[in-house]
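Please look at the sequence and the three-dimensional model side by side. The paragraphs below lead from the overall outline to particular places in the chain.

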Amino acid sequence: SRPQRVRPPRSPASMAPGKDDDLGDVYEILGVDEAAGEKDIQGAFRKGSLKCHPDRNPDDPEAAEKFDRLTRAKELLLDPARRAAFDEKRRAKRELEERFAQEDSKRRKFREDLELREGHSEAARARATEAAAAADAKRRYAQMDYASRIKAKQTELAGRQQELAAKAAQARSAFEEAKVRVKWRDAGEAATRAERLKQELAEFDVRTIAMEGDAEAVVQLGSKEDAIRAVLKCREARQRLGFRVSMEKSPSAAAGPGRRDAGADEA
């Protein structure tokens with residue numbers, strides 16, 4: 001008599017492929033049991049994320065994929081409908097495995113060979129989908145990291161520019177505040193008067209002397225302190241010198257009222 005052909009048991013409808021099948025056992029991923037509540041799931045997710053988050057594991061090329069799977073497992077278990085569907089499929093799979101375990105070795109071998117042939121292409125597609133998902137997760141993380149680095153660099157450059165601008169403004173202000181104006185009471189030769197000024201102000205850091213006609217001059221000193229001291233010295237000797245010395249008004253002071261140095265505006 002002809003041997004009877006053994007047919008493998010059909011999978012229940014709940015075992016049909018789903019969008020979450022590539023995750024595997026989400027309970028194992030999170031390390032919780034089937035009775036775990038929301039608090040247990042959130043706690044397991046936080047604990048697991050410390051081990052596989054890309055920021056904490058920069059040297060692990062699979063960190064982004066692991067963290068993505070951990071996140072998807074948590075979301076599935078926190079969704080009552082998706083969790084119920086997963087639990088049903090998990091129970092059906094377990095029952096099927098138990099039923100298969102009771103088969104004799106010949107029937108099991110036949111079933112496994114048949115499933116291997118029929119499931120080869122499906123397994124290849126699943127691996128391709130999983131690889132694409134992992135690559136996409138890595139790409140999204142790289143994009144976010146790059147954008148974050150660019151933003152930080154822009155902030156740093158803006159801070160440096162502001163600092164340089166402030167220093168430049170401070171230097172310009174100090175330069176303008178270190179000038180004094182000299183006015184002679186009578187006419188005279190400009191060259192001779194410039195030389196006289198150098199002699200009278202020799203103890204100070206005189207940078208330049210700019211004659212304005214033969215009766216006025218602007219003297220640039222090294223600092224505001226030198227300018228004030230020069231004004232005070234010339235005030236004490238004004239009867240002998242034959243000229244008056246006063247602080248030169250800076251453009252900012254000329255534009256509006258400002259603080260004046262008491263007793264040093266004019267000599």
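The model is predicted, and local features need a pLDDT of at least 70, side-chain atom pairs count only at pLDDT 80 or more, and totals for chains, interfaces and linings use all residues. Residues are numbered from 1 along each chain as its sequence is written, and side-chain values use heavy atoms, with hydrogens and water left out.

The secondary structure of the chain consists of 9 helices and 4 strands. Here helices (H or I, at least four residues) and strands (E, at least two) are DSSP runs, numbered from the N terminus. Read from that terminus, the order of the elements is α-α-α-α-α-β-α-β-β-α-α-β-α. Of the 267 residues in the chain, 27% are buried. The word buried means under 20% relative accessible area, exposed means over 50%, and partly exposed lies in between (1.4 Å probe, protein chains only). A contact means heavy atoms within 4.5 Å. Among the contacts in the chain with a separation of 6 or more, 64% join residues 24 or more positions apart.

Consider next the helix α3, which covers residues 63–78. It has 16 residues and reaches 23 Å from its first C-alpha to its last, close to the 22 Å expected at 1.5 Å a residue. The expected span is 1.5 Å times one less than the number of residues in the helix. Buried residues of α3 include A63, A64, R69, L70 and R72. The buried residues of this helix pack against α1, α2, α4 and α5.

Helix α4 comprises residues 80–101; its 22 residues should span 32 Å at 1.5 Å a residue, and its end C-alpha atoms are 31 Å apart, which agrees. At the start of α4, a side-chain oxygen of D79 comes to within 3.1 Å of the backbone nitrogen of A81. Which residues of α4 are buried? They are R83, F86, D87, R90, A92, L96 and F100. Their cover includes α1 (26–30), α2 (38–52), α3 and α5.

A search of the whole structure finds 1 cavity of 30 Å³ or more. On a 1 Å grid over the protein atoms alone, a cavity is a set of points where a 1.4 Å probe fits but cannot get out, and lining residues have an atom within 4 Å of a point. Grid points are joined across faces, edges and corners, and a volume is the space filled by probe spheres set on the points. The largest cavity has a volume of about 60 Å³. Its lining is formed by D22, E65, D68, R69, R72, E130, A133 and A134. The elements that give two or more residues to this lining are α3 and α5 (105–177), and α3 gives the most, with 4 residues. The lining residues divide into 2 nonpolar, no polar and 6 charged. In this count, Ala, Val, Leu, Ile, Met, Phe, Trp, Tyr, Cys and Pro are nonpolar, Asp, Glu, Lys and Arg are charged, and the others, Gly among them, are polar.

Two single residues complete the reading. G24 lies in the segment before α1 and is partly exposed, with a relative accessible area of 36%. G24 and R69 are 45 residues apart in sequence and 9.6 Å apart in space, C-alpha to C-alpha. A190 belongs to helix α6 (residues 190–200) and counts as partly exposed at 25% relative accessibility. Leaving aside residues up to four places away in sequence, A190 touches M211, G213 and D214. The C-alpha atoms of A190 and A215, 25 residues apart along the chain, are separated by 7.6 Å.

Key: 1 Å grid on protein atoms, 1.4 Å probe; cavity = no way out; pocket = protein on both sides within 12 Å on 5 of 7 lines; lining within 4 Å. Polar contact = N/O pair within 3.5 Å; in protein donor to acceptor, adjacent residues only side chain to side chain.
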